[in-house]
Amino acid sequence: MLEVSGITQIFGGVTALDSVSFKLAKGDITGVIGPNGAGKTTLFNIISGIYHQTAGTVYLEGKDVTGFPPERLARLSMVRTFQNIELFGGMTVLENVMVGMHTKSTSGLLACSFKAPWSISEERRIRQGALKWLDFTGITDLADQKAGNLPFGKGRLLEIARALAVEPRIILMDEPAAGLNSQETLALAALIKRIRDMDITVVLVEHDMELVMDICDRIVVLNLGKKLAEGTPQQIQESPEVIAAYLGDDD
Amino acid sequence: MKKDLLLFSAFTLLVAAAPQLFKGGYLMNVLVFVGINTMLAVALNLLLGYAGQISLGHAGFFGLGAYLSGIMTTTYSIGPWLAMPIAAIVVGIIACLIGFPVLKLKGHYLAMATLGLGIIIFIVFNETVDLTGGPSGLSGIPNLKIAGVTFDSDVKNYYLIWFFTLAVMLFSLNLANSRVGRALRAVHDSEIAAQVLGVNARILKVQVFTLSAIISSIAGSLYAHTMTFISPASFGFNFSIELLTMVVIGGLGSIFGSFLGAALLTLLPEFLRAVNDYDIIIYGALLMVMVMFMPGGLVRGIPALYRKIFGQRKGTGNA
């Protein structure tokens, strides 16, 4: 589904990522974990086309997508969410999700301005599609609220609803549980499993170990820009290198 | 959306009835300018209020439309109704070509680049004397004609200009409430999130910049044909700033706000003529007060003020 090979990112004199490689299977939930500064978010920014890596290749469904801009990756069914949720604050919750349908609609500037018949029926389809995703994430009652006024937890759900509207085959989530209380985190875990059940491959960067161990099928551990370990939650929990990286070495 | 269309219908009726209400006269001439300025403010608002991209060169596109129409109809005797779309297409192509490199810039840098563009166009109007008549202007531009009716009086021009203004407003309202309008607002709020969702921000910005320039060009052509005389002074840097003020005072991201801003800034100097030497001071002070107390513009400030007064009355009534 997604393969990164030899990803290296150098910022000035700092090597943020050093030749990181791994493969993700379709339909898995994969967690990318590691101590602060391990390069997790940098890796996400590279995969999602926001940064251009110093070296290395990204393959999406076997296709080399290295250097593709984010909007092109969205059309190839890859979408991401952000650690500090990036909502369209001046727009309503429903409108936010409607923007998510952008790649699934085609009316151009002139068709929209002159209200061409096909643009009107498309608008109806966009609205219905967006409502469906609000329902899926359980925030239908907030549809007409300004997104900028949402509490953080609801904003997170909105960001996920908006990403799902792209109808991705792979979704990258950057610390989805950050800033959520324990109840919201439980609901999030259930939501992520429901997303996986729709055959969407999920990759998440996360610090909440309980959540990661609970929902992930596979885990990739980064430390100081290098891949430290890879395996099932069980294997990772028992790995001496990982324990050393997290808890410190005795030597 | 439905609310907007209802408001638009009411507004259209008001515009149609205005000549009867004001019984013609000098005010009709001012209202022609309100119409032209509304078109320009709406055009700039699409760029600034929706897409969040500033332009300090819009007077240049307005001037290009006016001069292209003026030169084609006088020197080359092309019909005005043909000259207008040709001018709009030429200005659109220029805006598109300039837009690609310029719109890569953000914030202050974009402001500087568009400012430079406006100044260059202004200098071209002044210096190409053979073509534009230079600082002394271009005269003898014909009035527009439809089926034997020549638009040569204030009332006729009023209907002509406002037909176009209303069309531009309806066009923009439709755009604002559509897939493309949402994508524009998304780019404004978070460009990176919009891109991640598949919005090609770069192309979209160039598209709306081009559209904005085309509307400004049409306004310029109409201006040339109603005034029959144009000179570079009308298309300078000052006017770009005035347009920006209209958009901000009226309300960013609101089509009706652009009308309010354009109306206020066009009518105010006329009313302030009574206090001749002090007019510019009062004008400036009023703008300052409005920006301080109505940061969302007239379109949001007036309803808020109304609620405040209405709410207080209700309170005293109960006591």
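Student: How many Å separate the centres of domain 1 and domain 2 of chain A?

Tutor: Good place to start, and keep in mind that this is a predicted model. Chain A is divided into domain 1, made of 1-77 + 170-251, and domain 2, which covers 86-167. Taken over C-alpha atoms, the distance between their two centres is 27 Å.

Student: Which elements give two or more residues to the side of domain 1 of chain A that touches domain 2 of chain A?

Tutor: The contact takes nine residues from domain 1 of chain A and nine residues from domain 2 of chain A. On the domain 1 side, the classes are five nonpolar, two polar and two charged residues. The elements you asked for are α2 (70-75) and α7 (182-197) of chain A.

Student: What radius of gyration does chain A have?

Tutor: Let's begin with the overall picture: along the principal axes, the C-alpha atoms of chain A fill a box of roughly 70 × 40 × 30 Å. A compact globule with 251 residues would have a radius of gyration near 18 Å. Chain A agrees with that, at 19 Å.

Student: In which order do the six strands of the open sheet in chain A stand?

Tutor: Chain A has ten helices and ten strands, and six strands form this open sheet with mixed pairing. β6 (78-81) and β10 (226-231) of chain A each have a single partner strand, so one side of each is left without a neighbour in the sheet. With those two at the edges, the order is β6-β7-β8-β3-β9-β10.

Student: Do β3 and β8 of chain A run parallel or antiparallel, and how many bridges join them?

Tutor: Strand β3 of chain A covers residues 29-33 and strand β8 of chain A covers residues 201-205. You can find one facing pair yourself: G31(A) stands opposite L204(A) in β8(A). The two strands run parallel, and the number of bridges is four.

Student: Which residue takes a positive phi in the hairpin of β9(A) and β10(A)?

Tutor: These two strands pair in the antiparallel sense over five bridges, with I219(A) opposite G231(A) in β10(A). The hairpin has two residues between the strands. The positive phi, near 50 degrees, belongs to L224(A).

Student: Which helix gives the most to the side of chain B that touches chain A?

Tutor: This contact takes 24 residues from chain B and 32 residues from chain A. On the chain B side, α7 (154-176), α8 (179-189), α9 (191-196) and α10 (201-227) each supply at least two residues. By class, that side has twelve nonpolar, eight polar and four charged residues. The element that gives the most, with eight residues, is α8(B).

Note on methods:
Residues are numbered from 1 along each chain as its sequence is written. Chains are lettered from A and ligands numbered from 1 in the order in which they are written. This is a predicted model: local features need pLDDT of at least 70, side-chain atom pairs count only at pLDDT 80 or more; totals for chains, interfaces and linings use all residues. Two residues are in contact if their C-beta atoms, placed from the backbone, lie within 7 Å. Ala, Val, Leu, Ile, Met, Phe, Trp, Tyr, Cys and Pro count as nonpolar, Asp, Glu, Lys and Arg as charged, and the others, Gly among them, as polar. Two strands pair if DSSP finds at least two bridges between them. The radius of gyration is taken over C-alpha atoms; the globule rule is 2.2 Å times the number of residues to the power 0.38. Domain bounds come from an automatic or database domain assignment.
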